[in-house]
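Keep the sequence and the structure in view as you read.

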Amino acid sequence: MSTDARQSGPRRETESGAVERTRSDRTPATTGDGVVAELHLDHDRLLLRPTLRSIDDVSVTPEYRARNDGVCYQFVTVHGSQQSDLLASFDRDPTVTNPVCVDRTGDRVAFRLEVTDRAVSLSGPIAEQGGRVLDADGTTSAWILQLQFPSRDALVAFNDACKDRDISVQVTQLRSSGDDAEPVLGLTDKQQHLLSVAYELGYFDVPRGISQDELAAKLGVSKSAISQRLRRAMTELCATSLSSPGGR
C-alpha cells in the first residue's frame, strides 16, 4: 500500500485501506457534534477501481485485511453474474496482484488479493480525522463508504485531504451521530434506506411493483449491489428478529 496509518493498539483495515480501530482503541466522537456521512469516492488507483470500472453489474464487499512478511492481503467477496472476465481484469489492475479464489457460491466469489504499493490508500486521511468506517461497497461507479467522524470539521478536513490526493468525493447522505433515529434492528443506513424504498415502491408485493433492475436505476447503483444489499439486509432482519424474544 502507498500509505499506512501508524497507530498504537489493535486495529483492522477495510477494503479501501481505511483503518477501523478496535473498541478499546477508538477515538470517541464528541457528543452531539459527530456526523455520519455516506460518501462516493473515486480515483483511478483506489483499490479495485480499474476492475470495477471494466465489468458491468459486479460489486465488491470487503471482508478483512491481513499482513504477513510485509505483504498486505485483502479478502473480498465479488457479487454479480458477469464474472467470467474477473481474473483477466485483476491482471490488468495495478492495485492488486496474485488473486486466489478461496470460495465460490452461486453468483458470489471470494478472493484473496495482494494489495500493491500503487494502490491509493485512505488509511491516513480517515484515521487522522478520527474517522470510523461503518460500511463499504465497491461498485462500478465508485467506492461507497459510510463514515463516522467526531465533528463536521473532521469531515471537511477529510474531504480536503481527498482533494489533495485527487480523489473525487461526493457526499450523498449526512446526519448527526446524535440523531435519535437509529437504524432498524442493527441495519446500516444504506440497508434501511433500500428496504424503505423497496417497500414503498412495491418490491415485496405480489406481483412485484418494481424489479431489482428498476430499484438499481432509481438508487444509482448496480443490480448486483442491490441484490447483495437486499440479501444482507434480510439476513440481518431475520437473524435479529428470530433470535429475539418477540420473534420466537
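The paragraphs below take the salt bridges and then the cysteines.

This is a predicted model, where local features need pLDDT of at least 70, side-chain atom pairs count only at pLDDT 80 or more, and totals for chains, interfaces and linings use all residues. Residues are numbered from 1 along each chain as its sequence is written, and side-chain values use heavy atoms, with hydrogens and water left out.

How many salt bridges does the structure hold? There are four. The term salt bridge stands for a side-chain nitrogen of Lys or Arg within 4 Å of a carboxyl oxygen of Asp or Glu.

Start at Asp42. Arg49 pairs with Asp42, and their closest N and O atoms are 2.8 Å apart. Arg53 also meets Asp42 in a salt bridge, at 2.9 Å from N to O. Where do these two partners sit? Arg53 belongs to helix α1 (residues 49-54), while Asp42 belongs to strand β3 (residues 35-42), so their contact ties together parts that are eleven residues apart in sequence. Helices (H or I, at least four residues) and strands (E, at least two) are DSSP runs, numbered from the N terminus.

Now look at accessibility. Buried means under 20% relative accessible area, exposed means over 50%, and partly exposed lies in between, with a 1.4 Å probe and protein chains only. Arg49 is buried because its relative accessibility is 1%. Asp42 has 21%, so Asp42 counts as partly exposed. Arg53 is partly exposed too, with a relative accessible area of 36%.

Move on to Asp137. Its side chain meets that of Arg229 in a salt bridge, 3.6 Å from N to O. Asp137 lies in strand β8 (residues 132-138) and Arg229 in helix α7 (residues 223-243), so this pair ties together parts that are 92 residues apart in sequence. Asp137 is buried, with a relative accessible area of 1%. Arg229 is buried as well, at 8%. Back at Asp42, salt bridges that share partners join Asp42, Asp44, Arg49 and Arg53 into one network.

Last come the cysteines. A disulfide is a pair of cysteine sulfur atoms within 2.5 Å. By this rule the model has zero disulfides. Is Cys101 buried or partly exposed? Cys101 is partly exposed because its relative accessibility is 39%. Cys162 has 0% relative accessibility, so Cys162 counts as buried.
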